[in-house]
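Thanks, everyone. I'll take two sites in turn. Please have a look at the model first.

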Amino acid sequence: MRILIINGPNLNLLGRREPETYGKESFEDYFSKLQSKFRAVELSYYQSNIEGELISRIQEADKNFDGIVLNAAAYTHTSIGIGDAVKAISTPVVEVHISNTFAREAFRHKSFLSAHAKGVVLGFGLQSYDLAISSFLKD
Ligand code: DQA
């Protein structure tokens, strides 16, 4: 089982960025924990602040992974291009958010990805990624 985690803009700052919303742990530290927990899963991780790079990575990942866990961050709410990329590929994508976007500003309630995702996990802090990975194991 091969799963790719893709993080979008500003998520490279996890641990330092708005810790009251996103927590105090860096994604690198959390990723090590995920690797220890899901030893049977080959986990890969990619992060970019650039929309086109995220689209290219989603396209490249198609058929090379069993699943993609995608937190497109702010692009979730703006990017038709990332939504189209998720729609275009056959590898299933689970959309993830650390925070409960529906409990936040109205502009965060819209997602251009959700309609094309296998499912959505949000609001559980970093554990949202854990739950998204687990969802692939239940197939
Ligand atoms: C986020 C929620 C987005 O609204 C925000 O722009 C992010 C992170 C989350 O994981 O909670 O950067 O995707």
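A definition first: a polar contact is a pair of N or O atoms within 3.5 Å, and within protein one of them must be able to donate a hydrogen and the other to accept it. Keep in mind that this is a predicted model.

Now, serine 26. Where does it lie? Serine 26 is in the loop between α1 (19-22) and α2 (27-37). What does its side chain reach? The side chain of serine 26 reaches the backbone nitrogen of aspartate 29, at 3.2 Å. Beyond its neighbours within four places in sequence, serine 26 is in contact with Leu14 and Gly15.

On to the ligand. Where does the ligand sit? It sits in the largest cavity. The residues around it include Arg17, Tyr22, His77, His97 and Arg104. Ala73, Ala74, Ser99 and Thr101 are also among them. By class, the shell has four nonpolar, five polar and three charged residues.

Which atoms come up to the ligand's oxygens? Start with isoleucine 98: a backbone N or O atom lies 2.7 Å from an oxygen atom of the ligand. From asparagine 71, a polar side-chain atom lies 2.8 Å from a ligand oxygen. From arginine 108, a polar side-chain atom lies 2.9 Å from an oxygen atom of the ligand. How much of the ligand is buried? Taken alone, the ligand exposes 320 Å², and the protein buries 99% of that.

That's both sites.

Note on methods: Residues are numbered from 1 along each chain as its sequence is written. This is a predicted model: local features need pLDDT of at least 70, side-chain atom pairs count only at pLDDT 80 or more; totals for chains, interfaces and linings use all residues. Side-chain values use heavy atoms; hydrogens and water are left out. A residue is near a molecule or strand if one of its heavy atoms lies within 4 Å of it. Accessible areas come from the Shrake-Rupley method with a 1.4 Å probe; for residues, only the protein chains shown count as cover. On a 1 Å grid over the protein atoms alone, a cavity is a set of points where a 1.4 Å probe fits but cannot get out, and a pocket is an open set with protein on both sides within 12 Å along at least five of seven lines; lining residues have an atom within 4 Å of a point. A molecule sits in a cavity or pocket if more than half of its atoms lie within 2 Å of its grid points. Ala, Val, Leu, Ile, Met, Phe, Trp, Tyr, Cys and Pro count as nonpolar, Asp, Glu, Lys and Arg as charged, and the others, Gly among them, as polar. Helices (H or I, at least four residues) and strands (E, at least two) are DSSP runs, numbered from the N terminus. Contact means heavy atoms within 4.5 Å.
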